[in-house]
Protein chains: 2
Amino acid sequence: MAAGKKSAAVRRRRGNRRELLLEAAARRFLYEGYAAASMRDIAADAGMQAGSIYYHFPSKADLLAAVHDEGMRRISDAVLESLEGPKDPWQRLEAACIAHLEFLLEGNIVVQALMQEMPTGSSPIRTRVTRLRDDYEGIFIRLLEDLKLPRGVDLHSLRLMLLGAMNWSFTWYRPGAETPRRIARKFVKYLRISLQAS
Amino acid sequence: MAAGKKSAAVRRRRGNRRELLLEAAARRFLYEGYAAASMRDIAADAGMQAGSIYYHFPSKADLLAAVHDEGMRRISDAVLESLEGPKDPWQRLEAACIAHLEFLLEGNIVVQALMQEMPTGSSPIRTRVTRLRDDYEGIFIRLLEDLKLPRGVDLHSLRLMLLGAMNWSFTWYRPGAETPRRIARKFVKYLRISLQAS
DNA sequence: GTCTATAGCAAGATAGAC
DNA sequence: GTCTATCTTGCTATAGAC
């Protein structure tokens, strides 16, 4: 076997272990909160001992940061991918909202972990979260701009209202009732009626 | 002095100390999260030693529960009071939303502390928070029913959308820009245009 | 009611064997 | 890369003086 092949296999295995840790950490952070989640429990969920985590991440705070980065990356990718098909501006907005809600409500645990740490207070992590979130929400600003809405419509408030309604659904959504897709469509429909009437 | 008078004074003083502790705890819970906030810091903020808290509250969990009860009581009272004036259903909804957002965004820290503990996971506190919140949001269900909206409008989703947009504003609101009153009016206006057009 | 002192425990992180 | 063992620190809660 060539050295290149072996190196690729090692890299894949390493990635798996790291990803396993990320998922375990995300689950614990989500269900117990960052401070209450212990490195021992996270390690156990990933099938290793507490000390072994520190080979992959230098500290608990770095583990949280990695979860945030990965979560934002995944939902951003999903939303951007949903925009490759539709051309009509309203359909594009709807597609983005469906992707956003599907990933948030029934998607990966890493994405859901983003919701646990509310950007309150003034911790160092807050700055990071806020910046990442602003970048992501820029996607929606551009989608709203493309709608060519009548003057006087406040795109800023509009984005906050739409994304706020969607993000808050994380607190009340339970599987089995309405699907994320139906919720997203309903929210966009309400907005659409509203803004086309004005 | 009669015994009754002295007893009233004692009760008032006790209430002050207890309330001081509630505010201090709410501030720490809000800015650091429940698990990360220490009884030592809470006590110091209230001007006492850690051990002294346990004269007023039997445990840290009970302190959190007391903060939640008090916060829900305050915002419920404020919203119900805002409904005493207006008679028109839409004006009543707007008044309630203004009261909700003013208390949430610039009101008491005890109310704001309600936002920190997201109802994720399955902790015992989650059940309590969810029940208290459901009771409170019942006020808005009744306000929406009074609007006599056309059939086919889903009051359930409507309440979730409106309250979601408002509650999420807690994550982005910064004093100095738009006032809570203006934000509330904008959200209600959007809904109103939407629903009257359908 | 509040204090001091401390028991009892669990956490994050490190060191070195393998 | 992962393990075991452990250091150090900080926490909640209690006991008893005042």
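Hi everyone, let me start with a lining: in the second largest pocket, nine residues are nonpolar, five are polar and eight are charged. Before I go on, please keep in mind that this is a predicted model.

So how much space lies in that second largest pocket? About 440 Å³. Among its 22 lining residues, the closest to the centre are A:Thr171, A:Trp172 and A:Tyr173 from chain A, along with B:Arg159 and B:Leu160 from chain B. Two or more lining residues come from each of these elements: helix H8 (155-172) and helix H9 (180-197) in chain A, and helix H7 (124-145) and helix H8 (155-172) in chain B. Which element gives the most? That is H8(B), with six residues.

Now let's go inside, to the cavities. Rolling a probe the size of a water molecule over the atoms shows where empty space is left. Here the count comes to three cavities of 30 Å³ or more.

The largest cavity holds about 140 Å³ of space. It is lined by 14 residues, and B:Met72, B:Leu114, B:Met115, B:Arg133 and B:Tyr136 are the closest to its centre. In chain B, helix H4 (60-82), helix H5 (89-106) and H7 each supply at least two residues of this lining, and H7(B) has the largest share with five. By class, the lining of the largest cavity has nine nonpolar, three polar and two charged residues.

Next comes the second largest cavity, with about 100 Å³. Its lining includes A:Met72, A:His100, A:Leu114, A:Met115, A:Arg133, A:Tyr136 and A:Asn167. Helix H4 (60-82), helix H5 (89-106), helix H7 (124-145) and H8 of chain A each give two or more residues to it. The largest share, three residues, comes from H7(A). Sorted by class, this lining has eight nonpolar, two polar and two charged residues.

Let me turn to some side chains you can find on the screen. Where does the charged end of A:Lys60 sit? Over the ring of A:Tyr34, 4.7 Å from the ring centre. In chain B, B:Lys60 lies over the face of B:Tyr34, at 4.6 Å from the centre of that ring.

Definitions and conventions:
Residues are numbered from 1 along each chain as its sequence is written. Chains are lettered from A and ligands numbered from 1 in the order in which they are written. This is a predicted model: local features need pLDDT of at least 70, side-chain atom pairs count only at pLDDT 80 or more; totals for chains, interfaces and linings use all residues. Side-chain values use heavy atoms; hydrogens and water are left out. A charge sits over a ring if NZ of Lys or CZ of Arg is within 6 Å of the ring centre and within 35 degrees of the ring normal. On a 1 Å grid over the protein atoms alone, a cavity is a set of points where a 1.4 Å probe fits but cannot get out, and a pocket is an open set with protein on both sides within 12 Å along at least five of seven lines; lining residues have an atom within 4 Å of a point. Grid points are joined across faces, edges and corners, and a volume is the space filled by probe spheres set on the points. Helices (H or I, at least four residues) and strands (E, at least two) are DSSP runs, numbered from the N terminus. Ala, Val, Leu, Ile, Met, Phe, Trp, Tyr, Cys and Pro count as nonpolar, Asp, Glu, Lys and Arg as charged, and the others, Gly among them, as polar.
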